[in-house]
There are 2 protein chains.
Amino acid sequence: MSQKLFVSAQEVAEKAGVSRSAVSRTFTSGASVSPKTRQKVLDAADALGYHVNHLARGLMRNESGIVCLIVSEIGTPYRSALLRALTQQLQNSGKVAMLINTDRSDGSADLALRQAIRYRADASIILSGLPDKSITDLCLKNGQRLVLINRDDDREGPLKINLDDADAAARIATAFVRAGCRKLAFANSQAGTPSLMAREHGFVAAAKAMGLDVMVERFGHTGYESGRAVAQQLLTRKERPDAVFCATDLLACGFMDAARHQFSMSVPDQICVAGFDDIEQASWSSYGLTTFAQPVDMTAREAVSWLVSETAESENHTVRLHADLVWRTSIRGG
Amino acid sequence: MSQKLFVSAQEVAEKAGVSRSAVSRTFTSGASVSPKTRQKVLDAADALGYHVNHLARGLMRNESGIVCLIVSEIGTPYRSALLRALTQQLQNSGKVAMLINTDRSDGSADLALRQAIRYRADASIILSGLPDKSITDLCLKNGQRLVLINRDDDREGPLKINLDDADAAARIATAFVRAGCRKLAFANSQAGTPSLMAREHGFVAAAKAMGLDVMVERFGHTGYESGRAVAQQLLTRKERPDAVFCATDLLACGFMDAARHQFSMSVPDQICVAGFDDIEQASWSSYGLTTFAQPVDMTAREAVSWLVSETAESENHTVRLHADLVWRTSIRGG
DNA sequence: GTCGCTTTTGCAAGCGTGTGCAAATGCTGC
DNA sequence: GCAGCATTTGCACACGCTTGCAAAAGCGAC
């Protein structure tokens, strides 16, 4: 590394002919400093290229300004969209995002949270994976805040943001039946996360309430390829479904592609398809997928505003957001 | 925030019955500490839930372990894939990623880099936007390292990672001609980044070398909708192109969708299409897009290995990577 | 000029860590 | 037991910053 170190407040103070406290106060909002010295400090700082050392500031204030985002499958459309919204909101609130990728092993969420603790992150937002109870307890005990997105879990302390998955599933079941469909199917992955399972159970329950059975098929992880695989399983059955609700838009895209190009089926004439997330591709004209829009901006806003709020400690807070149905062309009628 | 502060090395030392230096040394690799005390410290630390304060450590060592990723359009397939690879590599090297979103205004890249300086980031990786010279100079002067990905620029000091865009463009021009196409077009956005323009110019030049003209059309920013718009401009011309090279896969997807669904054209029979990036959607069977694969993993590896290397300072380093042609079904023959 | 009051300023004590240096400890061979 | 050596340990200072506290400075009124 270069010999030349960063310029410190001390040097600025000397150049401006004031005490070190003065320069510190100049860069601390709400501190008492006269306009005259303030200007002297600002000039000197600019000339020297001074920037407050947030490491040291965090050390003193016991508040780093860092928020950890713990996320897997970053390359996925929905995840990256959420990531975008979160970083945007965090920056608006003067926080900075530390990104931790948990794609690797299974204990990686714990490792990630430990990293968050090391950097004294003010908070962590978990978009994936369920950390060990001992770790989250440690976070909470040390005044860190925790947000769990779509990760239903029974811990006390963290903010949990969820969707009305079951309601949405019921709505889509109704839509299928109105379109004249009677042979319903549900396409899922084997990930088994709470939100995916809530959609599945909600759909099956709603169908049962209308006197219909549901063929459920699960495969692999939650991606395009799994959608194709599930299509192969469902569409080679003796009795083909005439409507399928996919737990995710990616699954739905894979399913539609297989149905059309591999089984030469027409969507929505021969089979109706619905998804969940409203990723960008759902609106592409090759798909025109009817789906539920994840309120990513709202989610990000809720998460961040809770993180930066003064109060809101330790009460068991859960936010349930509504997913709007976006009607396109993959279901008949409408 | 909670009254209970984080546990410090001091408390661990007291509980273990050793000096504070001992616990510090226990958590510093390569420090001299006997196995016996080391174990005592480890036990005490575990019992108390101690974690080294990286803020303080960074302050002392003048090396924070933080690397800033400065990126816009995080939700885009290519960007998020690169992000995934970079965070992966950084974590492998014991670094941690600070994510900075520059979607907002134009000066946001500068603001972002300034944030990086405040946290004494060891390095910054810029995936988008060109920061002001004064800021990058400041980074470099203070021993920060800088990596520019696909952002050709004439500064000295940073590592620049680029692709052989022009070569790729020439290859695809040849492929078009071999497929019997003579009326070539290039679809671009108005972003005007170096790599996009290199593809355009390379394509036009290669075509000219073969005695062919190219219809060039640019629209908006680099996304699906712009692809559709460009299609509308190109396909309503008196003389329609029979082959179009899109500067980006997203543009290509938009173009193909418009060509097929809006103009009822068949790809590749009536028009051949090629893209660039090899995003996941390019392989989806609705597109089957022939495209060039961005070597994201290689890019990430090059960037990170340079960042953590001891040497490699101040020499003007440029890495030019090769983009493999991925042949699918959007071009005839092959 | 002096008094009372408000605002500004400087001092110094921390925050939690790494590390050079000297003292202490352990080990080996007589 | 003791000299000679390698290893471990503790002390104390440094890193760059914030902030309580008291001294200093400004200001208006008498």
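User: Among contacts in chain A between residues at least 6 apart in sequence, how many join residues at least 24 apart?
Analyst: This is a predicted model. In chain A, 66% of those contacts link residues at least 24 apart.

User: What's the secondary structure of chain A?
Analyst: Chain A has 12 helices and 12 strands. Its radius of gyration is 26 Å, well over the 20 Å from the globule rule for 334 residues, so chain A is more spread out than a compact globule.

User: What does the C-alpha trace span along its principal axes?
Analyst: About 85 × 40 × 35 Å for chain A.

User: And what share of the residues in chain A is buried?
Analyst: Buried residues account for 49% of the 334.

User: Switching to sheets. What order do the strands take in the open sheet of 4?
Analyst: The order is β7-β6-β8-β9 in chain A, and the pairing is parallel.

User: Which are the edge strands?
Analyst: β7 (214–218) and β9 (272–274) of chain A. Each pairs on one side only. From one strand to the next, the twist averages 20°.

User: Which helix packs on the sheet?
Analyst: Helix α10 of chain A, residues 224–235. Helix α10 touches β6 (184–188), β7 and β8 of chain A. Its direction makes about 135° with that of β7(A).

User: What stands opposite A:Phe245?
Analyst: A:Ala274, in β9(A).

Methods: Residues are numbered from 1 along each chain as its sequence is written. Chains are lettered from A and ligands numbered from 1 in the order in which they are written. This is a predicted model: local features need pLDDT of at least 70, side-chain atom pairs count only at pLDDT 80 or more; totals for chains, interfaces and linings use all residues. Helices (H or I, at least four residues) and strands (E, at least two) are DSSP runs, numbered from the N terminus. The radius of gyration is taken over C-alpha atoms; the globule rule is 2.2 Å times the number of residues to the power 0.38. A residue is buried if 20 or more other C-beta atoms lie within 10 Å of its own, exposed if 12 or fewer, and partly exposed in between; C-beta atoms are placed from the backbone. Two residues are in contact if their C-beta atoms, placed from the backbone, lie within 7 Å. Two strands pair if DSSP finds at least two bridges between them. Axes are lines fitted to C-alpha atoms, for helices over the stretch in contact, and angles run from 0 to 180 degrees between N-to-C directions.
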